[in-house]
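Please walk through the two-chain structure below, beginning with the contacts within one chain and ending with a few single residues.

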Amino acid sequence: MNTFIPRDEQDVATIVSDAAAKGTLLNLAGSGSKAAMGRPNQTDASVTSAALSGITLYEPAEMVIAARSGTPLSEVVTTLAEKGQQLSFEPMDYRPLLGTTGEPTIGAVAAMNISGPRRIMVGAARDSLIGVRFVNGRGEMVKSGGRVMKNVTGLDLVKLMAGSWGTLGFLTEVTFKVLPRPERTSTLLIRGLDDGVAIEALAAALGSPFDVTGAAHLPAPDRLGARTLIRLEGFSVSVDYRLNELRRLLKRFGPADILEGRGADAVWQSVRDATVLPERGERAIWRVSTAPTNGPILTARIAAAIDAQWFYDWGGGLVWIASPLDGDLGASVIREATRALGGHATLVSAPDSERSRVDVFEPQTEAVMALTRSIKASFDPVGILNPGRMYAGI
Amino acid sequence: MSIAFPTPDEAVLSRRSEILAGLGRLVAPEALIVSEDERRAFETDGLTAYRQLPLAVVLPSSTEEVAAVLRFCRDHRVKVVPRGAGTSLSGGAIPQADAIVLGVAKMNRVLDVDFKNRTARVQSGITNLGISQAVAHEGFFYAPDPSSQLACTIAGNIAMNSGGAHCLKYGVTTNNLLGVTMVLLDGTVVEIGGDYLDSGGYDLLGLITGSEGQLGVVTEATVRILRAAEGARPALLGFERVEDAGACVAAIIAAGIIPVALEYMDRPAIQICEAFAHAGYPLDVEAMLIVEVEGSDAEIDDMLRRIVAIAEPFRPKTAKVSQSEAESAAIWKGRKSAFGATGRVADYICMDGTIPTGQLPHVLKRIDEIAKSYGLGVANVFHAGDGNLHPLVMFDTNKPGEMEKAEAAGEDILKLCVEVGGCLTGEHGVGIEKRDLMTYQFNRVDLEQQMRVRGVFDPGWLLNPAKVFPLEERFAA
Ligand SMILES: Cc1cc2nc3c(=O)[nH]c(=O)nc-3n(C[C@H](O)[C@H](O)[C@H](O)COP(=O)(O)OP(=O)(O)OC[C@H]3O[C@@H](n4cnc5c(N)ncnc54)[C@H](O)[C@@H]3O)c2cc1C
């Protein structure tokens with residue numbers, strides 16, 4: 001398959017308008033580290049952001065960074081760290097889960113709206129994304145948003161681009177607002193809670209005034225090994241104070257240990273990257289967003305029907321599920337439970353052959369699907385950009 | 001009066017009585033307002049220099065009624081201007097002669113509060129403050145806090161993606177909204193999002209937020225509610241030079257501190273607000289910052305100590321930490337009544353551009369020069385942490401030509417904001433006020449992509465059609 005490596009936005013525009021004229025279906029890619037996600041689709045050529053690299057603007061005092069879409073995420077992270085700042089939404093690294101290599105790009109973080117545990121406190125990637133430049137399916141170079149963090153000028157196409165998986169346009173440059181890295185991070189660990197009680201504990205913590213920035217529950221086969229994690233960040237004095245207050249507030253759930261340093265960072269990284277799940281190579285991986293107290297109800301329903309493993313982030317509102325690689329991968333049970341309780345489920349990882357048999361993204365209502373189709377056509381009338389990557393016909 | 005309304009559609013005007021009769025069959029009698037006297041109350045919004053009586057006003061009390069009215073208007077090609085409380089400062093809710101106003105103010109109930117999951121489901125006509133009041137007994141609140149929060153509705157907040165003084169920490173409307181029920185022009189009721197985070201599929205919720213009533217009518221919303229901090233207290237820092245205040249803001253952020261609010265007022269604004277609120281503002285400084293932090297008493301003390309120390313190298317003339325709730329309330333009363341207090345001393349128009357904060361000293365100097373070149377005064381209050389400016393250009397309506405001068409000065413200021421890398425509007429919306437300036441920020445291709453998306457929802461330009469997009473740039477999508 002032909003691969004285009006545009007050197008600048010104008011190149012992208014030329015490639016896409018040619019493709020539109022000829023009806024060439026394009027696969028849009030960063031480094032390809034997440035090629036095994038989404039619906040498998042048939043395309044005629046690839047366009048990569050590999051040569052669109054480099055930070056184009058960084059103003060620490062204004063808490064804003066802009067980069068060409070092919071810039072490695074690691075370069076952005078390192079540049080920010082040098083000034084004591086970070087992408088606050090804590091983007092997940094999918095490579096361990098997918099077993100892929102390649103250097104994730106900042107463009108993909110925007111295109112797939114990739115966030116992590118801190119999403120509950122500071123929002124998702126889409127909340128930090130303040131500006132985009134992209135080439136639409138007509139080969140036109142479009143901008144939306146900008147470099148200032150308060151901006152309501154015109155329709156917010158930035159949000160539409162975030163999480164559209166390259167089906168609306170090829171991102172060429174993205175601008176994020178950033179936040180300071182905390183002086184100190186500390187985690188309360190409570191052991192041995194069952195799922196329902198753990199989610200109660202997390203709800204109590206999240207409903208407190210103590211600014212919890214991570215709330216996860218990792219069940220274990222023998223329950224005693226179960227761990228409930230509550231993360232606090234900030235200035236040291238303040239973290240100490242809030243640790244004490246939270247411990248008192250959560251007393252009825254049992255004694256809480258304090259985790260800090262590299263061990264604690266590693267635990268949060270395994271929550272962020274979903275490597276907490278055992279046997280991930282041999283199972284299908286699902287990601288379900290629901291109201292937090294629905295988390296344990298959802299898993300109980302699923303566990304009654306299939307052999308599932310799971311853990312919770314976002315206070316119970318994000319449920320990661322590993323299901324057996326047979327039948328429909330648990331799709332009907334998981335979708336049924338998600339629909340009944342409210343939320344959306346995404347099949348994150350499964351072999352290509354399986355992902356073409358099962359809906360990868362949450363099926364939408366007919367009214368929303370009609371809007372989705374028309375919006376797709378308004379950006380990409382011929383339907384050449386990542387066709388079918390999200391939904392059939394999109 | 002320099003902003004044009006499109007010429008009304010004579011055919012629609014001539015069918016008025018027929019249209020009113022049709023609407024009368026769809027809603028309860030008291031929901032349909034036709035008399036000139038009563039329609040008067042809806043002829044303008046917060047941009048009071050412009051006014052226009054609508055054909056009629058409809059105030060439905062259910063989503064079904066909204067759907068019936070929209071379907072009727074689509075079928076009969078009648079334009080619709082959605083309305084909340086009518087506090088828009090950009091003329092977003094100002095009617096047109098050949099349009100009906102569709103107001104959601106009667107739909108103002110709280111439907112459900114879920115403290116464990118920290119969400120509230122409300123009808124869209126509830127006021128912003130009404131949501132916070134409904135959850136306050138458990139120590140919760142709804143975070144975005146526009147100064148108009150006593151009056152403005154969540155429907156208007158969603159349509160404008162409104163912000164407030166505390167959005168540096170908590171974000172604006174779009175960051176605090178989880179789901180909506182929206183009625184499309186053809187009467188279809190769509191559920192978007194829900195009581196969970198993020199959505200499957202395209203981020204329609206993000207698109208609807210800030211869409212200024214052009215995509216559909218929002219009738220219900222699910223918002224995030226948050227547990228309030230244990231306490232909050234501001235400090236006042238006064239500086240002799242604008243540059244010092246700007247540098248101090250940068251230094252606070254460089255130290256890793258994100259205050260919950262970081263507000264800036266210049267000398268004229270300080271004088272005006274102090275005279276009104278008696279907040280103890282320093283009167284001998286060029287620039288003042290209100291820096292508020294949250295937490296327990298000890299956390300607040302620690303943080304304010306750090307902030308005062310950070311300010312030290314910039315030689316503040318005043319560095320005063322609030323000692324009591326009363327003092328804090330007075331400090332905020334001064335800031336939050338800035339528009340009202342200015343209104344007591346002059347007529348004014350309020351601009352709303354955002355700039356990169358590094359450009360602050362340059363932009364403030366230019367704003368001053370621009371106002372002077374028109375012979376007008378200007379007072380500046382703004383959200384310093386995020387660069388969202390509110391220059392209040394003052395004039396006297398009774399002096400012929402002054403209002404036009406003020407509008408021209410305002411236009412120059414907004415162009416300046418775009419020139420230095422910012423934008424036309426940070427939180428008040430484009431409305432009619434900034435509609436004709438959109439070409440300064442966006443080129444034709446950018447605007448066409450937006451209009452094509454608009455066209456998905458309203459191909460015939462019936463929903464709030466006189467707003468946001470320059471009249472001459474339009475095309476049928
Ligand atoms: C004194 C004062 C202070 C202010 N302070 C702030 C501030 O600090 N921050 C800030 O952001 N704004 C502020 N504003 C501006 C204004 O209050 C906000 O824009 C507010 O969100 C408007 O709400 P509303 O209910 O009055 O809406 P309206 O003015 O009635 O309407 C605003 C827009 O929303 C649309 N709309 C209304 N209802 C619906 C619906 N159901 N579905 C779809 N579209 C709808 C309208 O068509 C219009 O375009 C202030 C205004 C005043 C007068």
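In chain A of this predicted model, 72% of the contacts between residues at least 6 apart in sequence join residues at least 24 apart. The secondary structure of chain A amounts to 14 helices and 18 strands. Its radius of gyration is 21 Å, close to the 21 Å that the globule rule gives for 394 residues, so chain A is as compact as a globular protein of that length. Along the principal axes, the C-alpha trace of chain A spans about 65 × 55 × 35 Å.

Burial and surface come next. Of the 394 residues of chain A, 61% count as buried. The accessible surface of chain A is about 13,700 Å², and carbon and sulfur atoms account for 50% of that area. Chain A carries 41 positive and 42 negative side chains, with the centres of the two sets 3 Å apart.

One helix of chain A can be followed in detail. Helix α2 of chain A covers residues 73-82, and its buried residues are A:Leu73, A:Val76 and A:Leu80. Seen down the axis of α2(A), these buried residues fall within an arc of 65 degrees, so they line one face of the helix. An α-helix has 3.6 residues a turn, so residues three or four places apart point the same way. The cover over the buried residues of α2(A) includes the strands β4 (55-59), β5 (64-68) and β6 (85-86) of chain A, and also helix α4 (106-111) of that chain. Just after α2(A) comes A:Gly84, with a positive phi of about 70 degrees.

Chain B can be described in the same terms. Chain B has 17 helices and 18 strands. The radius of gyration of chain B is 23 Å, close to the 23 Å that the globule rule gives for 477 residues, so chain B is as compact as a globular protein of that length. Taken along the principal axes, the C-alpha atoms of chain B fill a box of roughly 70 × 55 × 45 Å. In chain B, 71% of the contacts between residues at least 6 apart in sequence join residues at least 24 apart.

Of the 477 residues in chain B, 63% are buried. Chain B has an accessible surface of about 16,300 Å², and 52% of this belongs to carbon and sulfur atoms. The side chains of chain B include 44 positive and 62 negative ones, and the centres of these two sets lie 1 Å apart.

Two residues of chain B have a positive phi without being glycine. For B:Arg77, phi is about 50 degrees. B:Arg77 sits in the loop between α4 (63-75) and β3 (79-83) of chain B. For B:Trp461, phi is near 50 degrees, and this residue lies in the segment after α17 (444-457) of chain B. Is B:Trp461 buried or exposed? With a relative accessible area of 13%, B:Trp461 is buried, the cut-off being under 20%.

B:Gly46 is in the loop between α3 (36-40) and β2 (56-58) of chain B. At 31% relative accessibility, B:Gly46 counts as partly exposed. Which residues does B:Gly46 touch, not counting residues up to four places away in sequence? They are B:Gly86, B:Thr87, B:Ser88 and B:Leu89. B:Gly194, by contrast, is 148 residues from B:Gly46 in sequence and 31 Å from B:Gly46 in space, C-alpha to C-alpha.

Note on methods: Residues numbered from 1 in each chain as written. Chains lettered and ligands numbered in written order. Predicted model: local features only at pLDDT ≥ 70, side-chain atom pairs only at ≥ 80, totals over all residues. Heavy atoms only, no water. Helix = DSSP H or I, 4+ residues; strand = E, 2+ residues; numbered from the N terminus. Rg over C-alpha atoms; globule rule 2.2 N^0.38 Å. Buried < 20%, exposed > 50% of the residue type's maximum accessible area, 1.4 Å probe, protein only. Contact = heavy atoms within 4.5 Å. Areas by Shrake-Rupley, 256 points an atom, 1.4 Å probe, with all protein chains shown as cover. Lys, Arg positive; Asp, Glu negative; His and termini not counted. Charge placed at Lys NZ, Arg CZ, Asp CG, Glu CD. Arc of directions from axis to C-beta.
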